[in-house]
Amino acid sequence: MPLSYIKAFHVIAIIAWMAGLLYLPRLFVYHAASAKGSEQSETFKVMERRLLRLITTPAMIASWILGLTLALSGLIDWSADGWFHAKLALVLLLSAFHGMLAKWTKDFALDRNTHDARFYRMVNEVPTLLMIGIVILVVVRPF
């Protein structure tokens, strides 16, 4: 029974993490188009900081803790479940992307953004592609 709760909270944490990873670059699209120092820019800074610190980062930490708990619970055969190794690699890439979002949030906060709105529109697709790969690996378990 407790394992079912761990799985449920793991999925909830992932949903919250993905929401942040998808929304933060969208905020960057609009922020990049606003004038530095404007009221709009300052509002985006607050929104970005709160989204990252209050939702996205705690959700990532919970996803990792709950996911590793599941992985160490005996559900995974570490020597035979190749799909899990591939999934773990994609989750590491997703975590690195999270780190880039944190860096860009700081850049915006300091008015040091060097990317345009088009860049952030393209970047916004990265978490979706990684999520598709992760879900297919978990559900289909192709190897």
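A crossing of two helices is called left-handed if the near helix is turned anticlockwise from the far one by less than a right angle, and right-handed if clockwise. In this predicted model, the crossing of α1 and α2 is left-handed. Because the model is predicted, local features need pLDDT of at least 70 and side-chain atom pairs count only at pLDDT 80 or more, while totals for chains, interfaces and linings use all residues. Residues are numbered from 1 along each chain as its sequence is written, and side-chain values use heavy atoms, with hydrogens and water left out.

**Overall architecture**

- The protein chain has 5 helices and 0 strands, where helices (H or I, at least four residues) and strands (E, at least two) are DSSP runs numbered from the N terminus.
- Along the sequence, the pattern of the protein chain reads α-α-α-α-α, and its C-alpha atoms fill a box of roughly 55 × 30 × 15 Å along the principal axes.
- Of the 143 residues in the protein chain, 36% count as buried, a term that means under 20% relative accessible area, with exposed meaning over 50% and partly exposed in between (1.4 Å probe, protein chains only).

**Helices α1 and α2**

- The axes of helix α1 (residues 2-32) and helix α2 (residues 39-75) come within 7 Å and cross at roughly 150°; such axes are lines fitted to C-alpha atoms, for helices over the stretch in contact, and the angles run from 0 to 180 degrees between N-to-C directions.
- The two helices α1 and α2 are therefore roughly antiparallel to each other, given that angles under 35 degrees count as roughly parallel, over 145 as roughly antiparallel, 65 to 115 as roughly perpendicular and the rest as oblique.
- Residues of the contact of α1 with α2 divide into 25 nonpolar, 9 polar and 3 charged, with Ala, Val, Leu, Ile, Met, Phe, Trp, Tyr, Cys and Pro counted as nonpolar, Asp, Glu, Lys and Arg as charged, and the others, Gly among them, as polar.

**Nonpolar core**

- The largest nonpolar core has 23 residues, and those with the most contacts inside it are Trp17, Leu21, Leu24, Phe28, Leu94 and Leu101; a core of this kind is a set of buried Ala, Val, Leu, Ile, Met, Phe, Trp, Tyr and Cys residues joined through side-chain atoms within 4.5 Å.
- Two or more residues of this core come from each of α1, α2, α3, α4 and α5 (126-140), and α1 gives the most, with 7 residues.
- Leucine 94 lies in helix α3 and, at 4% relative accessibility, counts as buried.

**Aromatic pairs**

- The whole structure contains 8 aromatic pairs, in which rings of Phe, Tyr and Trp (its six-membered ring) have centres within 6.5 Å, and planes under 30 degrees apart count as stacked, over 60 as edge-to-face and the rest as tilted.
- Tryptophan 104 and tyrosine 120 have ring centres 5.7 Å apart and planes at 80°, so this pair is edge-to-face; tryptophan 104 sits in helix α3 (residues 82-109) and tyrosine 120 in helix α4 (residues 117-123), 16 residues apart.
- Phenylalanine 108 and tyrosine 120 have ring centres 5.6 Å apart and planes at 40°, so this pair is tilted, and it links helix α3 with helix α4 across 12 residues.
- Phenylalanine 108 is buried, with a relative accessible area of 4%, and tyrosine 120 counts as buried at 0% relative accessibility.
- One aromatic cluster is formed by Phe28, Trp104, Phe108, Phe119 and Tyr120.
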